[in-house]
Amino acid sequence: MKFQIEDVTVYFPYDNIYPEQYSYMVELKRALDAKGHCLLEMPTGTGKTIALLSLITSYALSKPSNPVKLLYCTRTVHEMEKTLAELRFLHNYQVKHLGPSARILALGLSSRKNLCVNPSVISAENRDSVDAACRKLTASWVRAMAVENPNIPTCEFFENYEKAASDAVLPPGVYTLQDLRAFGKEKGWCPYFLARHMVQFANVVVYSYQYLLDPKVAGIISKEMQRESVVVFDEAHNIDNVCIEALSVSVRMQTLEGATRNLNRMSQEIERLKATDAGRLRAEYNRLVEGLAQRGNLPITDTWLTNPTLPEDILKEAVPGNIRRAEHFLSVLRRLVQYFKGRLQTENVEKEGPVTFVASINAQVGIDQKMLRFCYDRLHSLMLTLEITDTDEFLHIQTICDLATLVGTYTRGFSIIIEPFDERMPHIPDPVLQLCCHDASLAIKPVFERFQSVVITSGTLSPIDLYPRLLNFNPVVSRSFTMSLTRDCICPMVLTRGSDQLPVSTKYDLRSDPGVEKNYGKLLVEMVSVVPDGIVCFFVSYSYMDGIVNSWHESGILKEIMQHKLVFIETQDVVETTLALDNYRKACDCGRGAVFFSVARGKVAEGIDFDRHYGRLVIMFGVPFQYTLSRILLARLEYLRETFQIREGDFLTFDALRQAAQCVGRVIRSKADYGMMIFADKRYSRHDKRSKLPGWILSHLRDAHLNLSTDMAVHIAREFLRRMAQPYDKTGAMGKKTLLSQEELEKMANGAGDMLF
């Protein structure tokens, strides 16, 4: 269908549209017109992705003289592929209506590991080894040597891509990662470098958050993007944590030992160069004296991760004189590593700010702030001069220089925390020195400043007013949408006590109470006998899940559950968990029914959907607070209180409830779906906790369901499932329209039909 929103003709590839999708598009268009940023919370399963894509691509089509570019950020490769598949469907629809003029170029960009087609490179096990294997075949000096000596291996795909030169382009179309690989194999070109090159010409680019938020990566990939771009962060409820991780570094003993090995190898290389090709070292020295840290434009294969600090914080001046000579620089790094080793041999927890830390480095080993700031660039320059290709071996020294550069650049928003052991295992010494970033607004600030519109959207952004404070920006539109339904297909309940009327909670003092464990077990036993197909249970942590499953096993509760359904458990091993999920799905498909035990901050809670019969009920055992004694968390809370006036309790509750909402939101993935959510903890009945849940869950939470015991919950579940088994009209016969056709939309836009939701 196509319809007008003010001056834009929107092409929408389905025959009907949900009312909330329409309102979402109207708000999004307001933000684009105002060239400002927006925060939009839209319930899961209401077609958020297609609404975003169709509005923004139609907006670009309606302004052909100055089309906007869309940078769409997802969290996982799986989500990236899903988004590109939706976009292809939309693109075909637009081309059918508008002809060839609507053609666009859209592509996904990921690491070499997901795009490389050279069998000898892709066989390496992890991402860093794949990058290094690629560099061994494509670095400019390797290729220069291969010209003289044909026995030196190079990558045929990259050589063909270079030969094609300006002919190596992608024809318009929508390319998923799989399509890029297929296209590369067919043409014999390297898909990774082709995609990197085409990103600047594409109308839509889909990639991961790190490409914009992590300065090391953004400096290479995203610096060419024009200002007239719309950036979308999808599933962005955890965006503050992504920003913080991008600027945090931790150093352990293994890192320091690895760094020492790296330095020894580099000094051997320098000695070798002095003997064979001293001119190269001299040329680097002269370049540094002239004040150029880099050699101008490097060939694309030699670019390395860029400086870990944000672009405007990089000093535009010459490298300090005392680290210009290669051997002098190495001795500075040696002293720095030695200093870190000394700091790790502490018996007590130490915490200090960057300023005192830098002063102490200067006092003890004589390295000042300016030298620290240039560590990363100077290391990069040296690695290129020494022509080092196996960069995966040099990750340790990179980490050290990362930390040095960050600590030399920033004076606030960070702290250095040294812990001699992990608090949960105090008898195992495992010292770690962490540079923790507390201010999420640092990493995202350049994104807000550089691009005209940034859209932050997710199914769980409640309370929505906290995000502008955490990320320090002013949205022009900030709105939370509800879900229009023909029938109440979500049934949230708050369970506060067991059938023996004892309160249930995972509060620390009640957590290991046998009565609470027994009541949680009894709740699950009752539910497995009533609810068909799949049930998903979320626990607050791995250790709590282990403890409670053990006690259920001893008291025979687990055996009772197994009589009704099979039980599968998420572990910290990705392979095991994937296998458990596959078998869970098989058990649901064949009608045996299954229960999946998972952890609220684990892998499953973030990206795996339990739609249709895979999830008819989610039980959230407890409130998933972060580990509140963690030193890093305490330092961050203190910073938030002093800088943004956010109270500790508010932030912790907000963080726990967005996690809980994320977990229970996994059951509803479309409007024809139905499911129940049980919040099993007496603390959910308190208004200050409950009110932080997203609006689309709260609007279905009746007062009668706020303070239930197990037997009442079972009764409600029976009633609900009986109601859901009745046939129903999807378009909404009882005067509640939830699917709008083109005519109805036009009527509504003209004001003839009133808004029916």
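Predicted model: local features only at pLDDT ≥ 70, side-chain atom pairs only at ≥ 80, totals over all residues.
Residues are numbered from 1 along each chain as its sequence is written, and side-chain values use heavy atoms, with hydrogens and water left out. Helices (H or I, at least four residues) and strands (E, at least two) are DSSP runs, numbered from the N terminus.

Within H8, show the side chains of Phe157, Phe158, Glu159, Tyr161 and Ala164, which are buried, a word that means under 20% relative accessible area, as against over 50% for exposed and in between for partly exposed (1.4 Å probe, protein chains only). After H8 comes Ala165, whose phi is positive, near 45°.

Next, select helix H16 (residues 326-344) together with helix H19 (residues 395-409), which pack at an angle of about 85° with their axes 11 Å apart; axes are lines fitted to C-alpha atoms, for helices over the stretch in contact, and angles run from 0 to 180 degrees between N-to-C directions. H16 and H19 are therefore roughly perpendicular to each other, a label for angles of 65 to 115 degrees, where under 35 counts as roughly parallel, over 145 as roughly antiparallel and the rest as oblique. Leu333, Leu336, Val337 and Phe340 of H16 make the contact with Ile397, Ile400, Cys401, Leu403 and Ala404 of H19.

Move on to the open sheet of 4 strands, with the order E9-E12-E11-E10 and antiparallel pairing; two strands pair if DSSP finds at least two bridges between them. Its edge strands, E9 (249-252) and E10 (350-352), each pair on one side only, and the twist averages 10° from one strand to the next. Helix H14 (residues 253-276) packs on this sheet, touching E9 and strand E12 (429-437), and its direction makes about 80° with that of E9. Between E10 and strand E11 (residues 414-421), which run antiparallel, there are 3 bridges, and Glu352 stands opposite Ile416 in E11.

Now colour the aromatic rings, among which a search of the whole structure finds 32 pairs; rings of Phe, Tyr and Trp (its six-membered ring) pair if their centres lie within 6.5 Å, and planes under 30 degrees apart count as stacked, over 60 as edge-to-face and the rest as tilted. Tyr24 and Phe481 form a tilted pair, 5.6 Å centre to centre with 55° between the planes, and both are buried. The rings of Tyr175 and Phe183 have centres 6.1 Å apart and planes at 65°, so this pair is edge-to-face; both of these residues are buried as well.

Finish at strand E19 (residues 617-621), where 5 of 5 residues are buried: Leu617, Ile619 and Phe621 point one way, and Val618 and Met620 the other way. Strand E16 (residues 534-539) runs parallel to E19 and is joined to it by 4 bridges, with Val618 as the bridge partner of Val536. Strand E20 (residues 675-680) also runs parallel to E19, through 5 bridges, and there Phe621 stands opposite Ala680. Phe621 belongs, too, to a cluster in which ring pairs link Tyr520, Phe539, Tyr544, Trp552, Phe597 and Phe621.

Methods
Contact = heavy atoms within 4.5 Å.
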